[in-house]
Amino acid sequence: MNQVLLTGKISRVGHLKYSPSGLALLEFTLAVEQKAYEKVSIGYFPVVVADRLAEDLKGRLKIGMPLSIKGSLYQRMYSDRSGGKVDEIKIVLENLEEQK
């Protein structure tokens with residue numbers, strides 16, 4: 001099962017873009033408090049929103065907005081322009097809920 005549940009605040013909002021096939025795509029970053037081994041830090045998780053939901057959220061997402069999200073992990077590996085290996089992991093959004 002590939003399922004992610006996170007609650008945090010938006011730290012970055014990208015622009016609405018369209019793929020060559022016309023699919024709407026919107027990215028944002030969710031800052032989430034993480035605790036491990038008695039240390040507290042902030043993790044920044046890239047979130048991708050696609051299709052109709054991306055168009056609906058355009059302009060509604062603001063930095064600092066608290067959200068709970070549900071999605072799945074998407075991982076890909078590729079070589080960048082200089083030949084270096086890039087391992088990319090993003091969360092593909094399925095559902096979100098504004099927190100008060």
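1. Helices here are DSSP runs of H or I with at least four residues, and strands are DSSP runs of E with at least two, both numbered from the N terminus. By that rule the chain holds 1 helix and 6 strands, and from the N terminus on they follow the order β-β-β-β-α-β-β.

2. A word on the basis of this note: the model is predicted, so that local features need pLDDT of at least 70 and side-chain atom pairs count only at pLDDT 80 or more, while totals for chains, interfaces and linings use all residues. Residues are numbered from 1 along each chain as its sequence is written, and side-chain values use heavy atoms, with hydrogens and water left out.

3. As for overall dimensions and surface, the C-alpha trace spans about 45 × 35 × 30 Å along its principal axes. The chain exposes about 7,300 Å², of which carbon and sulfur atoms supply 52%; the areas come from the Shrake-Rupley method with a 1.4 Å probe, and for residues only the protein chains shown count as cover. Of the 100 residues in the chain, 30% are buried, where buried means under 20% relative accessible area, exposed means over 50%, and partly exposed lies in between (1.4 Å probe, protein chains only).

4. On charge, there are 15 positive and 12 negative charges, and their mean positions are 4 Å apart. In this count Lys and Arg are positive and Asp and Glu negative, with His and the chain ends not counted; each charge is placed at NZ of Lys, CZ of Arg, CG of Asp or CD of Glu.

5. Strand pairing is the next topic; two strands are said to pair if DSSP finds at least two bridges between them. Strand β3 (residues 24-36) pairs with strand β4 (residues 39-50) in the antiparallel sense over 12 bridges, and within this pairing Q34 stands opposite S41 in β4, while L25 has A50 of β4 as its bridge partner. β3 also runs antiparallel to strand β2 (residues 17-18), to which 2 bridges join it, with K17 standing opposite L25 in β3.

6. A parallel pairing links β4 and strand β6 (residues 85-98) over 2 bridges, where V47 stands opposite I91 in β6.

7. The turns deserve a check of backbone angles. The hairpin of β3 and β4 has 2 residues between the strands. Y37, in the loop between β3 and β4, has a positive phi of about 55° although it is not a glycine, and E38, in that loop as well, has a positive phi of about 65° and is not a glycine either. Y37 is exposed, with a relative accessible area of 81%, and E38 also counts as exposed, at 86% relative accessibility. In the hairpin of β2 and β3, with 5 residues between the strands, G22 takes a positive phi near 95°.

8. Which residues have the most contacts inside the largest nonpolar core? They are F28, L30, L61, L67 and I69, in a core of 18 residues. β1, β3, β4, α1 (51-57), β5 and β6 each supply at least two residues of this core, and β3 gives the most, with 5 residues. A nonpolar core is a set of buried Ala, Val, Leu, Ile, Met, Phe, Trp, Tyr and Cys residues joined through side-chain atoms within 4.5 Å. In soluble globular proteins, nonpolar side chains tend to be buried together.

9. Contacts, meaning heavy atoms within 4.5 Å, can be followed from single residues. Not counting residues up to four places away in sequence, L61 touches I10, V13, L26, F28, L67 and L96. E33, in strand β3, is in contact with V40, S41 and I42 once its neighbours within four places in sequence are left aside, whereas the C-alpha atoms of E33 and V47, 14 residues apart along the chain, are separated by 16 Å. Across the chain, 52% of the contacts between residues at least 6 apart in sequence join residues at least 24 apart.
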